[in-house]
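Thanks, everyone; I would like to take a few minutes to walk through one model, going from the sheet to the helices and then to some backbone details. Please keep the viewer open while I talk.

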Amino acid sequence: DPQQLELATSSKRKLRRFIVIDEVVDKLYGSKVREYFEENNVQHKILALPTTEETKSMDLVLNILQEVQNFSIDRRTEPIIAIGGGVCLDIVGLAASLYRRRTPYIRVPTTLLSYVDASVGAKNGVNFLQCKNKLGGYTPPVASFLDRSFIQSIPRRHISNGLGEILKMALMKHKGLFDLLKSHGKYLLDTKFQSYAGSADHGDAALQTTRIAIETMLEELAPNLWEDDLDRLVDFGHLISPELEMRVLPSLMHGEAVNIDMAFMTYVAYVRGLITAEEKEQIIQCMRGLELPVWHSGCSWSLIKRALMERLKHSGGQPRMPLPTGLGVAEIFNDTSEEMLERAYKLWVRD
């Protein structure tokens, strides 16, 4: 906004920014971030923190708020900046939403998962009593700045992890995205989602894949930002995975747990007659091609039943189970019997 820019540059008061950065990202990019603020003559405080599922707690939120209070920001004109993966963006979002009832914040995702998932939407939160994101709220950022160059420094497994959430959107809403992942999955892993001049054969698959994933996510989230409607296709892969992920911490990453959930639900869709054996096989092969786990020993039948009971509590007494009805199309079902789920489970374990 030219007016705001004019106001900021002509103001006698020096620009000030409070930045929370994941400590791993800080080791890799911290010097560049500091250089940027120094070159632009911005008074800044950079707080580097360990942001993992194990540290994703209210204690960390309060630590951040103590530092914000010490630095003293103007909550109207000085947004807090979060630079890191999804956990970092979630924690900082919650801290900002609590400080003086709502302080603006900016998301800068540095992992593939946070680039296509946590950067979109309004949710933020922390884990509580061994439950994933039990405390939180809906406070959208004032902006999300997306820069794929961050992704080149993350390990291959983390890129697979992000591909889990991209595949979710492909299976629910976009066959073209599914085809992209099937054809270019290995290339995307090998090139770490970077665009190269010589990538013409792949039609800049990295740009296409991330753009479609974010656009389809926005289509789903924007009309239902506060989740007034509990029938959500974006919940695919999120019925059993929260329970599984917290139970086996830290052995599974978020996108991996989501993919295991999606693999099981693919079998449920097959047993229900919603997809053919060939479509089931295509989905599972695509998952394997993206180097995602399709099963985990921790995902027992009793855990599945417990997770679905928990689901009923939070979704108005209905399972609201999103299931693929083909490749790139899906519907929400409330009538999957326990007998059908058990049949799908046995088949899944056998395979």
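This is a predicted model: local features need pLDDT of at least 70, side-chain atom pairs count only at pLDDT 80 or more; totals for chains, interfaces and linings use all residues.

On to another partner of β1, namely strand β3, residues 80-84, with which β1 pairs in the parallel sense over four bridges; here I19 has I81 in β3 as its bridge partner. Helix α2 lies across β1, β2 and β3, and runs at about 160° to β1. Helix α3, residues 58-71, also packs on the sheet, where α3 touches β1, β2 and β3, and the direction of α3 makes about 165° with that of β2.

If we now take the sheet as a whole, it is an open sheet of five strands with parallel pairing, in the order β2-β1-β3-β4-β7. Its edge strands are β2 and β7, the latter at 143-144, and each of them pairs on one side only.

Next, a helix pair: how do α6 and α8 cross? The axes of α6, residues 156-173, and α8, residues 205-221, come within 9 Å and cross at roughly 65°, and the crossing is left-handed. On the α6 side the contact involves I166, K168, M169 and K173, which meet T209, A213, T216, M217, E219 and E220 in α8. Sorted by class, that contact has four nonpolar, two polar and four charged residues.

A cis peptide bond joins L249 and P250, with omega at about -5°, and P250 lies in the loop between α9 (241-247) and α10 (254-271).

R101, although not a glycine, has a positive phi of about 70°, and is placed in the loop between α4 (86-98) and β4 (105-109). Is R101 buried or exposed? The cut-off for exposed is over 50%, and R101 is at 76% relative accessibility, so R101 counts as exposed.

Q130, also not a glycine, has a positive phi of about 60°, in the loop between β5 (123-128) and β6 (131-138); at 70% relative accessibility, Q130 therefore counts as exposed.

Definitions and conventions. Residues are numbered from 1 along each chain as its sequence is written. Side-chain values use heavy atoms; hydrogens and water are left out. Axes are lines fitted to C-alpha atoms, for helices over the stretch in contact, and angles run from 0 to 180 degrees between N-to-C directions. Helices (H or I, at least four residues) and strands (E, at least two) are DSSP runs, numbered from the N terminus. A crossing is left-handed if the near helix is turned anticlockwise from the far one by less than a right angle, and right-handed if clockwise. Contact means heavy atoms within 4.5 Å. Ala, Val, Leu, Ile, Met, Phe, Trp, Tyr, Cys and Pro count as nonpolar, Asp, Glu, Lys and Arg as charged, and the others, Gly among them, as polar. Buried means under 20% relative accessible area, exposed over 50%, partly exposed in between (1.4 Å probe, protein chains only). Two strands pair if DSSP finds at least two bridges between them.
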